[in-house]
Amino acid sequence: MRIGIIGTGTIASAVVRGIANDGHQITVSERSAANAQALAAEFDSVSIASNQGVIDQSDVVILGLMAEAAGDILAPLTFRAYQQVISLMAGASLDAAAALVAPAQARAIMLPFPGIAKGGSPILMLGDETLVGQIFGTRNQVIALQDAAELNAYLCAQAVLSPAARMVSDAANWLGARVSDVAKGEAFLRVLVASSLEGATADALISALNTEGGYNQRLRLHMENAGTGAILAEGLDKLERG
Ligand SMILES: NC(=O)c1ccc[n+]([C@@H]2O[C@H](COP(=O)([O-])OP(=O)(O)OC[C@H]3O[C@@H](n4cnc5c(N)ncnc54)[C@H](OP(=O)(O)O)[C@@H]3O)[C@@H](O)[C@H]2O)c1
């Protein structure tokens, strides 16, 4: 496919890295010069153009802009009716994106995570699952959602990642104060948590780690009794309210 990127920022760069060896012809906007040049130097499939040049050389256009800036940036540009647009903008609905790119077709909102650069990453999306699946589905897990409310709920819930990482970091620091190799301890905990959750549902894992009086049960109950579950639910409710 001929794929264009307008807004070659952090997440768009990760998106490009994830598909740059898949046989596409990719054009990225020149504005984010350091990112664009790094991508073009890394991959023969990536070239750099002005915003209008990106559109002119693409059948699928991916918007990696901040939603609040997108109106002013896209207004002077000319899209064509045959072009399909995927928006990465968390802050703009599919209808809002459609208004910005008419007469091109806004096909999907897609919210990737930085891991898309390497593949094996979840992708939240609304809209044309076939198009997103064609481009990203072989290397990643595309999670198609029904509507904006569902997308918003997923967006809130995915924020558990940072507190989960905080918890691993705190345990690693605790461990680090007691062992000879701090980095080795942190790496052990990361692999332990990631690999354990990959192979089982969270509830199945909790159940498997529920040996009466065992370390896992004791630490979990200690934290639950201190109210961490309620605090998490309260925080998610706050995110949902905006
Ligand atoms: N970061 C994530 O993990 C993530 C995940 C899912 C979705 N998103 C969404 O992706 C979008 C971008 O997020 P981000 O974190 O990647 O932010 P970012 O790094 O700031 O990317 C925005 C990019 O837009 C560029 N830009 C600004 N004005 C432009 C113009 N006139 N023409 C072309 N490009 C222009 C910026 O370039 P300059 O730096 O030169 O100003 C910047 O590279 C947001 O809407 C966000 O909601 C982000």
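Two residues count as in contact here if their C-beta atoms, placed from the backbone, lie within 7 Å. With that in hand, welcome to a quick tour of this predicted model. What covers the buried residues of helix α2 includes α1 (10-19), β2 (25-29) and β3 (46-49).

**Helix α2**
- Helix α2 spans residues 33-42, and its buried residues are Asn-35, Ala-36 and Leu-39.
- These residues sit on the same side of α2, because the arc they cover around the axis is only 95°.
- Exposed residues Ala-33, Ala-34 and Ala-41 are carried on the face of α2 that is turned away from its buried side.

**Gln-57**
- You will find Gln-57 in the loop that links α3 (51-56) and β4 (60-63).
- Gln-57 is partly exposed because 16 other C-beta atoms lie within 10 Å, a count between the 12 or fewer of an exposed residue and the 20 or more of a buried one.
- Beyond its neighbours within four places in sequence, Gln-57 is in contact with Arg-2, Gly-4, Thr-27 and Ala-49.
- Ile-3 is 54 residues from Gln-57 along the chain, and the C-alpha atoms of the two are separated by 7.9 Å.

Note on methods. Residues are numbered from 1 along each chain as its sequence is written. This is a predicted model: local features need pLDDT of at least 70, side-chain atom pairs count only at pLDDT 80 or more; totals for chains, interfaces and linings use all residues. Helices (H or I, at least four residues) and strands (E, at least two) are DSSP runs, numbered from the N terminus. The arc is that of the directions from the helix axis to the C-beta atoms.
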